[in-house]
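User: I'd like to go through this one with you, question by question. Could you take me from the pockets to the sheet and then to a few single residues?

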Amino acid sequence: MLTTKRRLARRSVFWWLLLCSWALAAPAQAQRGVFLTVDEFLNQHFDGAPQSESFWLTPEQKTVAQDILQRRPGLRARYFREGARTAWILEEIGKELPITVGVVVEQGQVVNLAVLEYREVRGGEVRYQSFTSQFDGVRLRNEENQLDRHIDGISGATLSVRALQKIARLALYFHQQVGAAHADVTPSTCSEKHGDPSCGAGTSVSASG
């Protein structure tokens, strides 16, 4: 009889521990996930398929990127471009794991910032639009590449908030750099020399030729 009671007690403890572990794990799992694929993010902000390019950092650019991230950056960053608009898919560690973020930049300001994938067990609230919309229209305000606007934090998600701020700063800085690089390219054809008198009247591209 005593043995039966012990067995029942052990089973009760087992199921209680199992329910507790499930209850603790469920909120963590709810934080994680892929919320947008790269293609879905790009489709939201470009009419067609934007051109995919690589931005190779110079030593000076690495220094600035390291100052923003407070760690060594990679050798290059992949981005997408269509006209004056660029999109950056960047990752930064919140507390322990990388957060994948998409940032669209145009005319020196953030058009949209979205969390594509979140892997941490806490702080997933940074993916909500109520938070990410704070970055809409944000710019770099000085040579130290700080954001020109205060971003409100989220209690319990401080490190994730900081990660997204770093990514916004980095995307804006990279956009500046690739914009300058494209501006340095000397146009070689009349279709690129808009307004150049040497190409004759009406140098803009015409369907009639």
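User: Let's start with the second largest pocket. Which residues lie nearest its centre?

Analyst: Bear in mind that this is a predicted model. The second largest pocket has a lining of 14 residues. The ones nearest its centre are K95, E120, R122, G156 and L159.

User: How many residues in that lining are charged?

Analyst: Sorting the lining of the second largest pocket by type gives five nonpolar and three polar residues. The rest of that lining is charged, and the count there is six.

User: And which element gives the largest share of the lining of the second largest pocket?

Analyst: The volume of this pocket comes to about 240 Å³. The largest share of its lining is three residues. They come from α5.

User: Now the largest pocket. What is its volume, and which element gives the most to its lining?

Analyst: The largest pocket holds about 280 Å³ of space. Its lining has 16 residues, with R76, A77, R78, I89 and L90 nearest the centre. Elements that give two or more residues to this lining are β3, β4 and α5 (158–183). The most, four residues, comes from β3.

User: How does that lining divide into nonpolar, polar and charged?

Analyst: For the largest pocket, one lining residue is polar and four are charged. The nonpolar ones number 11.

User: On to the sheet. In what order do the strands come?

Analyst: There are six strands in an open sheet, and the pairing is antiparallel. β1 (33–34) and β2 (51–56) each have a single partner strand, so one side of each has no neighbour in the sheet. Reading across, the order is β1-β6-β5-β4-β3-β2.

User: Which helix packs on that sheet, and what angle does its direction make with that of β6?

Analyst: The helix is α2, residues 38–45. Helix α2 touches β3, β4, β5 and β6. Its direction and that of β6 make an angle of about 160°.

User: How many residues sit between β3 and β4 in their hairpin?

Analyst: β3 and β4 (residues 85–93) run antiparallel and are joined by four bridges. Within that pairing, Y79 has W88 as its bridge partner, and E82 stands opposite R85. G83 is in the turn, with a positive phi of about 65°. Between the two strands of this hairpin there are two residues.

User: Time for single residues. Is T100 buried or exposed?

Analyst: T100 lies in strand β5. Beyond its neighbours within four places in sequence, T100 is in contact with I89, L90, E91, A114, V115, L116, E117 and R119. Its relative accessible area is 9%, and the cut-off for burial is under 20%. So T100 is buried.

User: And V110: what is its relative accessibility?

Analyst: V110 is in strand β6. Leaving out residues up to four places away in sequence, V110 touches V103, V104, F135, D136, G137, V138 and L172. V110 counts as buried because its relative accessibility is 2%.

User: How far apart in space are V110 and S133, C-alpha to C-alpha?

Analyst: In sequence, V110 and S133 are 23 residues apart. In space, C-alpha to C-alpha, the distance is 10.0 Å.

User: Where is Q70, and what is its phi?

Analyst: Q70 is in the loop between α3 (59–69) and β3 (76–82). With a relative accessible area of 61%, Q70 is exposed. Q70 is not a glycine, yet its phi is positive, near 65°.

User: Last one: is Q107 buried or exposed?

Analyst: Q107 belongs to the loop between β5 (98–106) and β6 (109–118). Its phi is positive, near 55°, in a residue other than glycine. The relative accessible area of Q107 is 61%, and the cut-off for exposure is over 50%, so Q107 is exposed.

Methods: Residues numbered from 1 in each chain as written. Predicted model: local features only at pLDDT ≥ 70, side-chain atom pairs only at ≥ 80, totals over all residues. Heavy atoms only, no water. Buried < 20%, exposed > 50% of the residue type's maximum accessible area, 1.4 Å probe, protein only. Pairing = 2+ DSSP bridges. 1 Å grid on protein atoms, 1.4 Å probe; cavity = no way out; pocket = protein on both sides within 12 Å on 5 of 7 lines; lining within 4 Å. Points joined across faces, edges and corners; volume = space filled by probe spheres on them. Nonpolar A, V, L, I, M, F, W, Y, C, P; charged D, E, K, R; others polar. Contact = heavy atoms within 4.5 Å. Axes fitted to C-alpha atoms, helices over the stretch in contact; angles between N-to-C directions.
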